[in-house]
Amino acid sequence: MHPIKQAQPSTKSSFWIIAIFSLLFGLWTNAATAQTQVRATVDRNQLSLDETLTLSLTADSISFSADPEVQALEQDFRILNQQESSRSSFINGKVSSLRQWDYTLSPKRKGNLSIPSIQMGKYRTRPITVTVSDAPQRQNTGSEQVYLESDVTPRSAYVQSELAYTVKIFTSVNFLEASLEPLEVSGATVEAAGEERYQTTINGRYYQVIERRYRLYPQHSGELEIPALTLQARVESYRQSMLDPGRLVVKRSSAHRVRVMPPASDFDGAVWLPAKALSISDSWSQSLDSIEVGDSVTRSIKIEADGLLGSQLPALPSSELANAKLYPDQASISNPEEGDWTGQRTESVAIIPTKPGSYELPEIRIAWWNTESNQQEYAVLPPRKFTVTAPVSQQPANPPPSSQQADTKTKAETIASTLLPNWQWAIIAVLALGNLLFASLWLRAARSTPAAETAAVNGTANLDEKATFKALRQACKRDGNTNELRQKLLDWGSAALEENVSLTGLAGAFPNLDTYCRALDASLYSQDEMDLDRNALLHEVSKCRKTLPKTATKKVDSGLRPLYPND
């Protein structure tokens with residue numbers, strides 16, 4: 001058998017392989033270490049407001065790693081799309097490579113706009129100026145696949161009055177994705193008022209319509225500018241493909257200007273209220289014909305305005321009522337999400353009469369400006385009168401009977417007593433004897449009851465100050481359930497003062513708790529949960545504890561280890 005000889009590589013071929021690799025490595029090293037050049041270019045220098053341009057930022061090195069800082073572009077342009085690519089080539093012994101970022105930009109305004117110098121790592125590009133003109137006025141001929149229409153009414157209005165703004169998107173092709181920028185108007189409050197979708201036909205072409213409605217409330221007199229809105233959408237391409245992301249479409253609505261007038265000079269109301277209609281009404285929690293001393297009656301007053309937000313409606317004047325306690329509740333403000341735009345403000349007050357007699361609540365009159373008739377009007381709530389009677393237990397007893405009625409009653413009782421049979425007298429005697437026996441047993445048990453148990457019956461000895469404070473602290477950490485918080489505060493006060501106390505008595509003992517006691521007392525007559533600063537209440541109670549004698553805060557030793565020793 002002949003041995004197999006291993007082939008040896010030739011020295012000449014090895015030399016050329018090493019030389020080629022050395023050359024390539026040297027060229028690559030030179031390209032990487034050379035000075036990197038960055039540049040910015042655009043595909044067009046002139047465009048209209050409803051057109052876009054492409055900004056390309058290029059670095060002539062594939063190893064360039066810094067991303068461009070393009071935040072400055074957002075001052076005059078919207079960045080609709082961004083793509084990044086890189087490539088390299090080897091031609092005539094020279095290696096070249098680059099990284100490129102392409103941005104699709106939509107101008108925000110017309111004029112000569114500057115694309116500023118862009119920071120790319122430690123390099124900067126040169127600024128570029130582009131000219132933006134108004135979008136051409138196109139009539140709706142039904143030839144465009146996608147377009148926008150917008151309108152605002154009225155064209156002139158009083159400050160703080162309502163403007164209705166509508167933008168409509170017409171499309172005859174399917175949207176793969178679409179976004180309409182939010183409406184932002186400098187110097188005005190903007191509220192979305194709903195969206196509606198429907199179909200229409202224009203010059204024989206079928207369109208899907210998306211209509212968005214807004215309500216604007218200018219805050220200053222002068223000229224109000226409503227900017228154009230930009231729609232960015234991707235629609236189905238002419239040649240559909242699974243890998244095709246769709247065709248990019250950018251459309252803009254028209255801009256509008258509105259003349260805003262100051263408040264009318266002949267308006268003499270306290271608060272400027274320009275509206276189409278304004279009314280005031282009240283409702284009661286019970287009939288005014290049956291009110292007794294101590295009853296809690298809630299009166300709710302509602303102000304409604306067509307053409308104003310609920311937050312624009314004024315607070316009602318504070319009122320006092322002799323011989324009655326008033327507990328006002330927090331005002332409720334609301335606006336409808338869709339449909340007729342009517343702002344509402346509701347204020348409620350609990351009335352507790354303390355004496356019988358006749359009561360009268362005064363008239364409420366609100367001046368407002370009718371924007372349709374252009375004159376001042378008044379919304380009036382007439383006076384409310386009601387009568388309060390004493391409780392049945394305090395009303396005078398029936399008048400004494402006449403002498404004839406008394407004689408008749410005495411004769412009847414005498415006849416009834418003579419007619420009672422003996423067995424009924426026996427039953428009466430047994431019942432009387434049983435009552436006497438029960439009373440003697442109860443007195444004996446009461447004498448044997450320890451003093452501590454007697455105090456526990458009174459409700460104070462079994463209240464430990466530290467335990468009740470801990471329960472109060474836990475109640476303050478939980479939201480809602482004002483009744484629980486009220487009871488925990490009363491428990492602590494009874495333990496701290498070593499006697500049963502009311503909120504009024506607690507406030508008298510600790511004046512810094514007066515505000516919170518009044519608020520919790522008023523919560524009994526409120527239909528809604530009240531908004532109380534529980535952390536502040538707990539802080540004030542902690543200050544009160546420092547003034548207590550040490551015996552009051554001394555913890556009762558029960559002989560058992562606590563479940564949570566760290567509390």
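# Reading a predicted model

Reader: What pLDDT does the protein average?

Author: pLDDT is the predictor's confidence in each residue, from 0 to 100. The protein averages 80, and 73% of the residues score at least 70.

Reader: Where does pLDDT stay under 50?

Author: Two stretches can be named. Over residues 1-7 it stays under 50, and the model has 0 contacts there beyond four places in sequence. A contact means heavy atoms within 4.5 Å. Over residues 553-567 pLDDT also stays under 50, with 9 contacts beyond four places in sequence.

Reader: How many helices and strands does the secondary structure come to?

Author: Helices (H or I, at least four residues) and strands (E, at least two) are DSSP runs, numbered from the N terminus. The protein has 10 helices and 30 strands. Buried residues make up 34% of its 567 residues. Take the contacts with a separation of 6 or more: 69% of them join residues 24 or more positions apart.

Reader: How many salt bridges does a search of the whole structure find?

Author: Side chains of opposite charge can pair when their charged atoms come close. A salt bridge is a side-chain nitrogen of Lys or Arg within 4 Å of a carboxyl oxygen of Asp or Glu. The whole structure holds 21 of them. In one of them, arginine 78 pairs with glutamate 181, and the closest N and O atoms are 2.9 Å apart. This pair links distant parts of the chain, 103 residues apart. Arginine 78 is in strand β4 (residues 77-91), and glutamate 181 is in the loop between β13 (175-180) and β14 (188-202).

Reader: Which residue forms a salt bridge with arginine 213?

Author: Glutamate 211 does, with the closest N and O atoms 3.6 Å apart. Glutamate 211 is buried, at 11% relative accessibility. Arginine 213 is partly exposed, at 23%. Salt bridges can also link up: Glu162, Arg215 and Lys276 are in one network.

Reader: Which helix holds both aspartate 514 and arginine 518?

Author: Both lie in helix α8 (residues 514-522). They are 4 residues apart, about one turn of the helix. Aspartate 514 is partly exposed, at 29%, whereas arginine 518 is exposed, at 57%.

Reader: Which residues are buried in α8?

Author: They are Tyr516, Cys517, Leu520, Asp521 and Ala522. Their cover includes β24 (324-328), α6 (482-497), α7 (503-509) and α9 (534-546).

Reader: What order do the strands of the open sheet of 3 have?

Author: Two strands pair if DSSP finds at least two bridges between them. The order is β22-β30-β27, with mixed pairing. β22 (291-292) and β27 (357-361) each have a single partner strand, so one side of each has no neighbour in the sheet. β22 and β30 (residues 384-389) run parallel, joined by 2 bridges. Glutamate 292 has threonine 389 as its bridge partner in β30.

Reader: How many aromatic pairs does the structure hold?

Author: A pair of aromatic rings is described by the distance of the centres and the angle of the planes. Rings of Phe, Tyr and Trp (its six-membered ring) pair if their centres lie within 6.5 Å; planes under 30 degrees apart count as stacked, over 60 as edge-to-face and the rest as tilted. The structure holds 14 such pairs. One is tyrosine 147 with phenylalanine 170, stacked at 4.7 Å centre to centre, with 5 degrees between the planes. Tyrosine 147 is in strand β10 (residues 146-153) and phenylalanine 170 is in strand β12 (residues 163-171), 23 residues apart. Both residues are buried.

Reader: Why is the pair of tyrosine 147 and tyrosine 207 edge-to-face?

Author: The pair is edge-to-face because the planes stand at 75 degrees, with the ring centres 5.6 Å apart. Tyrosine 207 is in strand β15 (residues 205-218), 60 residues from tyrosine 147. Tyrosine 207 is buried, at 0% relative accessibility; tyrosine 147 is buried at 8%. Elsewhere, ring pairs link Tyr158, Phe267, Trp272 and Trp369 into a cluster.

Terms used:
Residues are numbered from 1 along each chain as its sequence is written. Side-chain values use heavy atoms; hydrogens and water are left out. Buried means under 20% relative accessible area, exposed over 50%, partly exposed in between (1.4 Å probe, protein chains only).
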